[in-house]
Amino acid sequence: MTNGRHRHPSRVRQAVQSPLGIAAIITVLLIVLTLMVPLGVRFLGCSQTQYLRVTSALGIAPVLQEAAAEFNNRNEGGSGTCLYAQASELPPHLVLTELAGGVTASSTIAPDVWVPESSAWVELVRISEPATPITETEPRSLASSPVVLAAPEDAEGIGGDEPHSASWTEVLPGERDPDRPVVMVDPNRGADGMTTMYAVRDELGTGDEADAAMTEFVRDVQLDSAFGEIEPSGIYPGAEPLTVLPEQAVWEYNERERPNDSPPLEAHYPSEGTVSLDYPFVVTTPDDPEKSAAAEELYEILHEEEFRERLRDMGFREPDGSTSPTVAQGTGIAPGDVDTHDGLTGDRLLASVEDWNRLSMPSRALVLVDVSAAAAEDLDGGPEARIEVARGAAQLGLEMFPDETDMGLWLMSDEHGPEGREELEDLGRLDEPGDTPDETRRDRLHEVAENIEVEGGGSRLYDNILAAYQHQQDNYAEDKINSVIMLVADADNGSSDIEHAELVAELQDSFDPQEPVTMFIIAFGDQPDAAELDDIARATSGTSFVTEDPDEIGEIFLDSISRRLCVPDCDS
């Protein structure tokens, strides 16, 4: 099981995660384009100038910019109101945010013509409320490119016996070399990332085991996920991950960017099928007749042979998926038809994004460890005391959660005074500085967890559960998954002031679906009151686990994290 949640940044990670650099490039482009056109038309005699704002995905942007320049050349020298095309590249998630919120007249981002890499973005706009009305139910495609798995052609352990073959299962942690990471675009930033999530869910199916496997996948790949379109030249050569890319990016790298002394990339086409990116030409201002007519003229320019050939020269397939000789003869590319599907729509499209968001969202967890007298008892069927298993569980939990996790630690025993607990560490990020310059909060918590000892007495379990739950609600963080994690040695055994039924009722009344705080209980050894623990967890859309095997702890943590996929409606 993969747990490397705080690895040092890899070259792959540094190459693909550069949002500041991307933002700077985009800003410069927009400024230059905004200034150039007005200066150019100042002397053309136009009494009023309007702009047809054209925004596209990075890969196809050069062609859109050339077509916009041609449009302007054909329409210069007029009088009265002049309409000029401004073409820029902008990540589709930024356009989605603008269009999904409804376009205002003062908007400087929302385009009149939008060419994202996939119609999936258009559907996401349509199902957003409120949203800019997009009347085109089947946007016209300018080009296409299937989503593939890419790796250097001499990479071992990828694909089957046939050239270019592959399976989506090869992106899963247990199906590939652990030293070969998977690099993919964050599904919030690219349709190839959505495609990967769709394919993985399709392979895994549904149910608790599938959700746990999906959790392991997301946690394995999210460290190396990219914030925008992946440029292979930023990764290869020098690293050999398995990368999810449009075929066009593989073609362009091999033909235009690859150093002569490095192996080309090979495109692997999943046998289960893949999604073809369709680069739709979408008019977002259909109620403006002048801009609609201008958009139609721009579309016609893009369908002239000069621009069709330009797209082929950049490695794009035809809109129907067929390959031109230019693409078919490209190094590392399989000519001919590719098995594609149109399943990335509706609920499956939303799930591809929502699964990722829920599983990759940072945690805010308060951990309570039972150090009552029961923690000194041997674990049933083994030589270890329950406190030893609790120590190991706390250490493993620290390994599995990423740096941006907020974590706190309480110890439960009525030997700690009238409240029945010691609040050792309040909530704070694991990567916060520790007590020394070379120490982090994670390091300090590791040391604390390693030295947890039995205090004796009762656990005041129910009282502490309620106190911890209220603490998390009072300190709720909207941008994190908020939870209470209980490591329990035994039942409450009457040590609390509150009784079981009162506690369950209090938790049910307190649970807020809009700001859910979820309870996860891990109990060690035989637990006659396991059903009562389960009632407590389920009152908060959480779950409880009872184990006598320390080796199960890692899987239990994954199962508890996968519970995010159903909160707040688990077991409803």
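**A colleague's note on salt bridges, a helix face, cavities and a disulfide**

1. Let us start with glutamate 423, which is partly exposed, its relative accessible area being 45%. Its value lies between the limits of 20% and 50%, and therefore the residue is called neither buried nor exposed. Please keep in mind as you read that this is a predicted model.

2. Which residue does glutamate 423 meet in a salt bridge? The partner is arginine 421, with N and O 3.1 Å apart. Arginine 421 has 14% relative accessibility and so counts as buried.

3. Elsewhere, salt bridges with shared partners tie several side chains into one network. Its members are Glu305, Arg308, Glu309, Arg312 and Glu318. In the model as a whole, the count of salt bridges comes to 28.

4. Now to a pair that is well worth a look. Arginine 176 and aspartate 220 form a salt bridge whose closest N and O atoms are 2.3 Å apart. This pair links distant parts of the chain, 44 residues apart: arginine 176 sits in the loop between strand 6 (165-166) and strand 7 (182-183), and aspartate 220 belongs to helix 7 (residues 208-221). Are these two residues buried or exposed? Both arginine 176 and aspartate 220 are buried.

5. Another salt bridge joins arginine 180 to glutamate 240, with 3.9 Å between the closest N and O atoms. Distant parts of the chain are linked here too, the partners being 60 residues apart. Arginine 180 lies in the loop between strand 6 and strand 7, while glutamate 240 is found in the loop between helix 7 and strand 8 (242-246). Arginine 180, at 10% relative accessibility, counts as buried, and glutamate 240, at 41%, counts as partly exposed.

6. Next, a helix. Which residues of helix 4 (residues 92-100) are buried? They are Pro92, His93, Val95, Leu96, Leu99 and Ala100. Viewed down the axis of helix 4, these buried residues fall within an arc of 155°, so they line one face of the helix.

7. The largest cavity holds about 110 Å³ of space. It is lined by 14 residues, and Val367, Ala394, Leu398, Met407 and Leu409 are the ones nearest its centre.

8. Several elements share in that lining. Helix 13 (386-400), strand 13 (406-412), helix 14 (441-450) and strand 15 (481-488) each provide at least two residues of it. Which element gives the most to the lining of the largest cavity? Helix 13 does, with four residues. By class, twelve of the lining residues are nonpolar and two are polar, with no charged residues.

9. Finally, the structure has one disulfide. Cysteine 566 and cysteine 570 form this bond, their sulfur atoms being 1.9 Å apart. The torsion about the S-S bond is about 95°, so the disulfide is right-handed. Cysteine 566 is partly exposed, with a relative accessible area of 29%, whereas cysteine 570 is buried, with a relative accessible area of 8%.

Note on methods: Residues are numbered from 1 along each chain as its sequence is written. This is a predicted model: local features need pLDDT of at least 70, side-chain atom pairs count only at pLDDT 80 or more; totals for chains, interfaces and linings use all residues. Side-chain values use heavy atoms; hydrogens and water are left out. A salt bridge is a side-chain nitrogen of Lys or Arg within 4 Å of a carboxyl oxygen of Asp or Glu. Buried means under 20% relative accessible area, exposed over 50%, partly exposed in between (1.4 Å probe, protein chains only). The arc is that of the directions from the helix axis to the C-beta atoms. On a 1 Å grid over the protein atoms alone, a cavity is a set of points where a 1.4 Å probe fits but cannot get out, and a pocket is an open set with protein on both sides within 12 Å along at least five of seven lines; lining residues have an atom within 4 Å of a point. Grid points are joined across faces, edges and corners, and a volume is the space filled by probe spheres set on the points. Ala, Val, Leu, Ile, Met, Phe, Trp, Tyr, Cys and Pro count as nonpolar, Asp, Glu, Lys and Arg as charged, and the others, Gly among them, as polar. A disulfide is a pair of cysteine sulfur atoms within 2.5 Å.
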